[in-house]
Amino acid sequence: MDFPKIYESEYRFCLIMWEHEPVTAVELAKLCLVQLGWKRTTTYTVIKRLEERGVLQREQGIITSLISKDEAQAWEIEELVETKFEGSLPAFVAAFTRRRDMSEKDLDEVQRMIDRIRKGESQ
C-alpha cells in the first residue's frame with residue numbers, strides 16, 4: 001500500500017488534529033492560528049489537501065484522521081531507513097547513536113524492546 005506523504009508543515013497540523021479530534025474545521029482553524037500562526041484559509045487549504053490524499057476525512061464540518069500518529073511516524077522512519085540507510089536498521093541506529101548520548105533509562109527501554117521482539121511479543 002502506498003502511504004500518503006505528509007510534509008513537515010502538514011505534520012505539525014496533524015499533531016494538532018490528532019490531539020483534538022474529532023474537531024470542527026472552525027476550531028481547528030482557531031488552533032492553527034494560535035499554535036502555527038496560520039490564517040484560516042491556510043488551514044482550510046491543508047485540510048483539503050490532506051483529505052484528497054486520504055490522511056483525514058471531513059464529514060459535516062467534523063475532522064477526523066484516517067491515519068494515526070503512530071502509523072505516520074512508523075511510515076516516515078521506514079522511508080528514512082530505506083532511502084538514507086539502504087534499508088539497514090543497524091546503520092540507522094549506529095548513525096543515530098553516534099550523534100546522541102543515550103541515558104541508562106533509554107538503553108534499558110531499547111533492551112526491553114529487543115527482548116520482547118526476540119520472544120515474539122508485539123510492541
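User: OK, at what angle do helix 1 and helix 3 pack?
Analyst: This is a predicted model, by the way. Helix 1 (residues 8–20) packs on helix 3 (residues 40–52) at an angle of about 95°, and their axes are 11 Å apart. Angles of 65 to 115 degrees count as roughly perpendicular, so helix 1 and helix 3 are roughly perpendicular to each other.

User: Which residues in helix 1 and helix 3 meet?
Analyst: From helix 1 you have Glu 10, Phe 13 and Cys 14; in helix 3 they meet Thr 43, Val 46, Ile 47, Arg 49 and Leu 50. Sorted by kind, the residues of this contact are five nonpolar, one polar and two charged.

User: Switching topic: how many aromatic pairs are there in the whole structure?
Analyst: A search finds five. One of them is Phe 13 with Trp 38, a stacked pair at 6.2 Å centre to centre with 5° between the planes.

User: Where do Phe 13 and Trp 38 sit in the chain?
Analyst: Phe 13 is in helix 1, while Trp 38 is in the loop between helix 2 (25–36) and helix 3. They are 25 residues apart, so the pair links distant parts of the chain. Both Phe 13 and Trp 38 are buried.

User: And what about Phe 85 and Phe 92, how are they paired?
Analyst: That pair is edge-to-face, 5.5 Å centre to centre and 80° between the planes.

User: Are those two buried or partly exposed?
Analyst: Phe 85 is partly exposed, at 21% relative accessible area, whereas Phe 92 is buried, at 16%. The cut-off for buried is under 20%. Ring pairs also link Phe 85, Phe 92 and Phe 96 into a cluster.

Key:
Residues numbered from 1 in each chain as written. Predicted model: local features only at pLDDT ≥ 70, side-chain atom pairs only at ≥ 80, totals over all residues. Heavy atoms only, no water. Axes fitted to C-alpha atoms, helices over the stretch in contact; angles between N-to-C directions. Helix = DSSP H or I, 4+ residues; strand = E, 2+ residues; numbered from the N terminus. Parallel < 35°, antiparallel > 145°, perpendicular 65-115°, else oblique. Contact = heavy atoms within 4.5 Å. Nonpolar A, V, L, I, M, F, W, Y, C, P; charged D, E, K, R; others polar. Phe/Tyr/Trp six-rings, centres within 6.5 Å; stacked < 30°, edge-to-face > 60°. Buried < 20%, exposed > 50% of the residue type's maximum accessible area, 1.4 Å probe, protein only.
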